[in-house]
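Hi there,

Here is the structure I promised to pass on. Have a look at it first, and then read on for what I found in it.

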Amino acid sequence: MLILNKLAERNEGEERSAEKEEMAQLYAEISKKVQEGEITRGKVVGITDNFVLVDIGFKSEGLIPLEEFQLDKVSLKGGDKAGSPELPVKIGDEIEVYLEEIENEEGQLVLSKQKADFMKVWDEIKQAYDTQRVIEGRALRKVKGGMIIDIMGIDAFLPGSQVGLHPVENLDKLLGQKISLKIVKLNKKRRNIVVSRRAVLEEKRERERQLLLADLQREQIREGVVKNITNFGAFVDLGGIDGLLHITDMSWGRIDHPSDLLSIGQKLKVKIIEYDKDKERVSLGLKQLTPHPWEKIEAKYPTGSKVRGKIVSIMDYGAFIELEKGIEGLIHISEMSWTRQIKHPSKVLAIGDVVEAVVLSINKEEEKISLSLRQIEPDPWLSIEERYLIGTKVIGKVRNLTIFGAFVEIEEGISGLIHISDLSWTKKIRHPGEILKKGERVEVVILSVDKDSRRISLGLKQLSEDPWKNIEERFSIGQTITGKILETGEKGFTVDMGNKFEGFLPLSEVSDEIAKTLSSSQEVVVCILEIDKADRRIVLSQKAQVEAQQKAEISGYIEEHKAPPITFREEEEKTSQTEIVPEKTVYD
């Protein structure tokens with residue numbers, strides 16, 4: 001039994017050895033035909049769901065994944081409806097394959113269709129890369145970061161940044177289309193091919209640019225595409241060269257920002273207004289395609305005519321009104337009202353207001369039009385003297401108080417001045433606020449009207465008769481009065497004498513003892529020392545009053561104690577009645 005077992009083992013070993021010999025012999029025969037890393041021909045002997053079986057004359061067939069046959073390149077059955085892809089090969093077809101390994105770890109023959117395709121066109125691809133020749137490809141599908149392109153039957157990668165001159169948001173429109181490309185990167189070992197459509201477009205643009213530069217001239221009208229928009233203008237692609245369309249050359253009218261008129265990608269016609277060949281700078285104009293609006297300005301807007309327009313800008317000195325696109329006029333702040341003192345135009349007008357105005361003057365060379373808002377209505381000052389006769393009493397509203405007087409509005413926009421000296425006949429007014437309040441209504445008298453200077457003088461004290469006319473009937477020099485101290489000063493005291501009169505009591509006319517005690521609102525007895533009717537001034541004296549009082553007291557006392565005078569008859573009668581007394585004898 002042991003012997004039989006050994007014989008069986010020997011026979012099995014001999015069979016294995018024979019098989020190895022056969023394999024080695026077969027390998028040697030195949031090696032004569034093809035080696036690993038080379039292309040050979042084989043026959044399709046089977047197709048499964050995932051692989052294509054190819055016989056190259058080896059003991060076993062090689063398996064090639066179906067995706068290597070680029071099923072994404074073929075159309076689906078049923079038009080737009082989903083269906084099964086048509087296989088590019090069928091059983092019995094002879095195809096070229098790339099032999100990667102005769103036997104892998106699993107003893108399997110390793111073949112590749114894609115590598116075979118790559119090797120077949122490598123030389124042509126390399127030559128196109130070296131010479132930067134333009135080739136054609138077909139967009140197969142989108143992938144992350146770009147697209148897969150079929151060139152010469154193999155896959156190449158087109159990055160998104162290389163699709164166009166500008167970023168392309170929608171790549172779907174390129175799918176299935178043939179596009180011109182350049183190979184920009186090549187790696188044979190990794191079979192990595194990177195292509196660029198942008199490089200082809202840039203070359204084309206450069207050719208067009210050179211042709212454009214040779215043909216470009218001033219005053220030409222060209223079509224371009226808005227490429228970029230800035231605060232100061234827009235850059236327009238003329239077909240290889242960019243021109244600057246400045247904001248001032250976009251419209252004859254006012255534009256706040258170029259985006260108000262243009263948008264990126266917009267096609268438009270422009271005029272070449274400046275061209276520097278050396279620096280390759282082009283200045284463009286859009287408004288120059290239409291007639292200049294100032295050509296017949298005098299005929300359209302004659303002096304004195306009424307116009308209508310919209311307020312488009314407000315400055316400290318006035319407001320600009322747009323009469324039509326490209327034509328603006330200035331309403332100066334001084335031409336906004338006949339009567340009001342306007343501090344800023346925004347107090348009267350606002351941007352967007354539609355107003356009427358009168359044309360004052362036109363300067364065609366400087367493109368300036370002066371307008372007036374106030375001259376739409378007649379000047380109220382022209383008839384002011386007829387409406388406000390001197391001596392007329394009117395009622396007005398106190399608008400403003402100053403140190404020199406008060407302004408009273410007697411009708412809308414027309415005010416007169418009550419000078420501080422015309423507030424009171426008798427009182428010394430230091431500020432109008434002592435008598436008037438802002439906003440109160442008062443009755444005043446028209447004193448004078450100057451329509452040329454646009455001034456009206458008003459009076460408050462003139463409502464009553466001047467009490468100084470008959471001052472002698474009220475006061476006299478030496479008259480003693482009791483008054484009240486209104487104000488104390490360095491030189492003396494202001495005294496209320498009654499009847500709205502005030503007098504001045506100098507310090508020199510006050511005794512030292514009394515001067516120390518006097519204060520505001522305190523009563524004081526004084527006498528009138530001086531009355532100056534011309535200067536409307538009354539001087540008082542406390543000392544003179546005391547002296548007068550003392551004199552009066554002395555006179556009264558003397559008068560009271562003085563003996564009555566004796567007449568001659570009384571003296572005679574007295575003598576007759578006198579008794580004669582005999583002289584008395586004195587004895588020792």
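Gln-177 counts as partly exposed, because its relative accessibility is 38%. Please keep in mind throughout that this is a predicted model. Gln-177 sits in the loop that runs between strand E8 (154-159) and strand E9 (178-187). Leaving aside residues up to four places away in sequence, Gln-177 touches Gly-137, Arg-138 and Ala-139. Arg-138 is 39 residues from Gln-177 along the chain, yet their C-alpha atoms are separated by 5.6 Å.

Before you zoom in further, a word on confidence. The mean pLDDT of the protein is 81, and 85% of its residues reach 70 or more. Where pLDDT is low, the predicted coordinates should not be read in detail.

Now to the helices. Helix H2 covers residues 113-131, which makes 19 residues. From its first C-alpha to its last it reaches 28 Å, close to the 27 Å expected at 1.5 Å a residue. Even so, H2 has a kink of about 50°, centred on Val-121. Val-121 is also one of the buried residues of H2, a list that includes Phe-118, Trp-122 and Ile-125. An α-helix has 3.6 residues a turn, so residues three or four places apart point the same way. Just after H2, Gln-132 takes a positive phi of about 55°.

Helix H3 (residues 198-215) has 18 residues, which should span 26 Å at 1.5 Å a residue; its end C-alpha atoms are 25 Å apart, which agrees. The buried residues here are Val-200, Arg-209, Leu-212 and Leu-213. What do the buried residues of H3 pack against? They pack against E9, strand E10 (192-196), strand E11 (221-229) and strand E14 (267-276).

Glu-367, a residue other than glycine, has a positive phi near 55°. Its place is the loop between strand E19 (354-363) and strand E20 (368-372), and at 38% relative accessibility Glu-367 counts as partly exposed. Arg-454 likewise has a positive phi near 55° without being glycine. Arg-454 lies in the loop between strand E24 (441-450) and strand E25 (455-459) and is partly exposed, with a relative accessible area of 31%.

Phe-404 is partly exposed at a relative accessible area of 39%, and Phe-407 counts as partly exposed at 28%. Phe-475 and Phe-501 also form an edge-to-face pair, because their ring centres are 5.5 Å apart and their planes are at 75°. Phe-475 lies in the loop between helix H6 (471-474) and strand E26 (480-488), while Phe-501 is in strand E28 (residues 501-506), so the pair ties together parts that are 26 residues apart in sequence. Both Phe-475 and Phe-501 are buried.

Asp-150 lies in strand E7 (residues 146-151) and counts as buried at 13% relative accessibility. Its side chain reaches the backbone nitrogen of Ile-154 at 3.3 Å.

Is Ser-541 buried or exposed? Ser-541 counts as buried, because its relative accessibility is 0%. This serine is in strand E30 (residues 537-541). A polar contact of 2.5 Å joins its side chain to that of Glu-509. Besides Glu-509, Ser-541 touches Leu-505, Val-526, Cys-527 and Leu-529, not counting residues up to four places away in sequence.

Enjoy exploring it!

Best wishes

Note on methods: Residues are numbered from 1 along each chain as its sequence is written. This is a predicted model: local features need pLDDT of at least 70, side-chain atom pairs count only at pLDDT 80 or more; totals for chains, interfaces and linings use all residues. Side-chain values use heavy atoms; hydrogens and water are left out. Helices (H or I, at least four residues) and strands (E, at least two) are DSSP runs, numbered from the N terminus. Buried means under 20% relative accessible area, exposed over 50%, partly exposed in between (1.4 Å probe, protein chains only). A polar contact is a pair of N or O atoms within 3.5 Å; within protein, one must be able to donate a hydrogen and the other to accept it, and residues adjacent in sequence count only if both atoms are side-chain atoms. Contact means heavy atoms within 4.5 Å. pLDDT is the predictor's confidence in each residue, from 0 to 100. The expected span of a helix is 1.5 Å times one less than its number of residues. The bend at a residue is the angle between axes fitted to the seven residues ending there and the seven starting there. Rings of Phe, Tyr and Trp (its six-membered ring) pair if their centres lie within 6.5 Å; planes under 30 degrees apart count as stacked, over 60 as edge-to-face and the rest as tilted.
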